[in-house]
Amino acid sequence: MAYATTNPYTGEKLKTFPDATDQEIQTALTEAYDAFKAWRQTSFAERAKVMTAAAQILRRDIDKYARLITLEMGKIYAEAKAETILSAEIFEYYAAKAEELLAPEKLPVANAAEGDATLIHQPQGIVFAVEPWNFPYYQVARIIAPQLSAGNTVLLKHASNVPQCAAAFDTLMQEAGLPKGAFRNLYAARHHTEVILSDPRVCGVALTGSEGAGTIIAGIAAKALKKSTMELGGSDAFIVLDDADLEKTVKWAVFGRHWNAGQVCVSAKRIIVADAIYDKFVEMYKKGVAALKAGDPMDPATQLAPLSSQKAADDLLAQVEEAKKHGAHVEVIGGPVPEKGAFFRPMLMTNLHKDNAARLWEFFGPVTQLYRAKDDADAIRIANDSPYGLGGAVFTRDTKRGVKVAEQIYTGMVYVNHPTMVKADLPFGGVARSGYGRELIGLGIKEFVNHKLIDVVDIDAPF
Ligand code: NAP
């Protein structure tokens, strides 16, 4: 698996890290479970103290943390800082809300003879988190803040190209005062997934990643009868209705498809435009994309970052070539991008008709799939013609009409007049091939707890 830091802007391999040994995995499991036995007894206030400290450290050392993201996966520095702040906000959210979200719930029973029924939410053990590189901190915060706040402990297997970001979060939680073993980064090898998930001290796995990894890891979890949550790929529709404010909508479309160099599960990957405004929209969109300045991700003037690795850029190009074989028309937009670094010139893809299988693929980089819709119903049809079901967006001046369209799109999230957002206090997750389960808010913190019924019944109650 070869954990290594390779700067995508320079192509330089800077540091490598050996895979964890089998013994290290066993030690981590033992320490994580020992930590769990004490951590589950702590009060919400004690856990909140650790979450708050983690947020404070992230805010205080934001430059150090953000630089590491840019170094390892090439994200624009300003976006890396925003991600660091978002991660702090997630810790703060659960510091403030965990107790309320997991408060015991009295159940309204129909008959007094059913007793005094209460649902309590108890932690269950170690959660295994497998995370991707595209948001090296946010993805980790999204799972450890709720799970640690609930009283579980967490072992992390991060993506192999962000080993220093993974280690930085390990150090962060120690500095924040988390007991030893309660969260640990492991440079786990592939075969360790089965070892970890078949261990009885592990209660489940949370994966964020590709559909391929989802199929394998959900399969291993199923074999071990362990709960899993799957946050997988997406090909979000960005619908532009005929009454949309074109200027503002185009700005959001350009941003929605190109932030994080287009490597976002909820990027606006399929732009679907009403016939009446299609030509004008496309002209303005191309102009907007062509104006993006590609360059050094540390330079504040840069708007288009390199992809996460040269391999990612090569694979994306190969996927575009494959789409062409299926009949896709592809147009390169804008001037040349730097030759050095894993840059990818933005592309526009059309002719994605019903016999072109490429319309169903996720393109993880700055490739825009473009569709012309006859009317609202046709836009909804195109949006739903996808194996994925993650997010989506509808742009219109008439928000009631937007909500009506949003209700008919089969995904986990739809925004009216904004590309799919990532925030600390909004849920995240999808349906269909985009996976199952939800992260963040009350939904996320309840994924790996035992929803236990305690019912106190009058011993003299009638049979
Ligand atoms: P990926 O290859 O599936 O990698 C994600 C994580 O899974 C990495 O830590 C990877 O480790 C690990 N992994 C992959 N195969 C594995 C296996 N057989 N056993 C154990 N671990 C395995 O995903 P990616 O291509 O890097 O990331 C992009 C994908 O993630 C896109 O499809 C994107 O849409 C999706 N994503 C979804 C969300 C969401 O919330 N729904 C958010 C972000 C990204 P290695 O690096 O060591 O291979």
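**A tour of the ligand site**

Start by selecting Lys-157: a polar atom of its side chain lies 3.0 Å from an oxygen atom of the ligand, a polar contact being a pair of N or O atoms within 3.5 Å. The model is predicted, with local features needing pLDDT of at least 70 and side-chain atom pairs pLDDT 80 or more, while totals for chains, interfaces and linings use all residues. Residues are numbered from 1 along each chain as its sequence is written, and side-chain values use heavy atoms, leaving out hydrogens and water.

Next, select Ser-160, where a backbone N or O atom lies 2.9 Å from an oxygen atom of the ligand. Then go to Ser-210: an N or O atom in its side chain is 2.5 Å from a ligand oxygen atom. The protein covers 88% of the 900 Å² of accessible area that the ligand has on its own (Shrake-Rupley method, 1.4 Å probe).

Now show the 30 residues around the ligand; those coming nearest are Trp-133, Arg-190, Ser-210, Leu-232 and Glu-362 (near means a heavy atom within 4 Å). Coloured by type, the shell divides into 14 nonpolar, 10 polar and 6 charged residues, with Gly counted as polar.

Select α5 (138–150), β8 (202–208) and α8 (211–223), each of which supplies at least two shell residues. The most come from α8, with 3 residues (helices are DSSP runs of H or I with at least four residues, strands runs of E with at least two).

Last, colour domain 1 (3–232 + 434–454) and domain 2 (237–416): both give residues to the shell, so the ligand lies between them. The bounds come from an automatic or database domain assignment.

Notes:
Polar contact = N/O pair within 3.5 Å; in protein donor to acceptor, adjacent residues only side chain to side chain.
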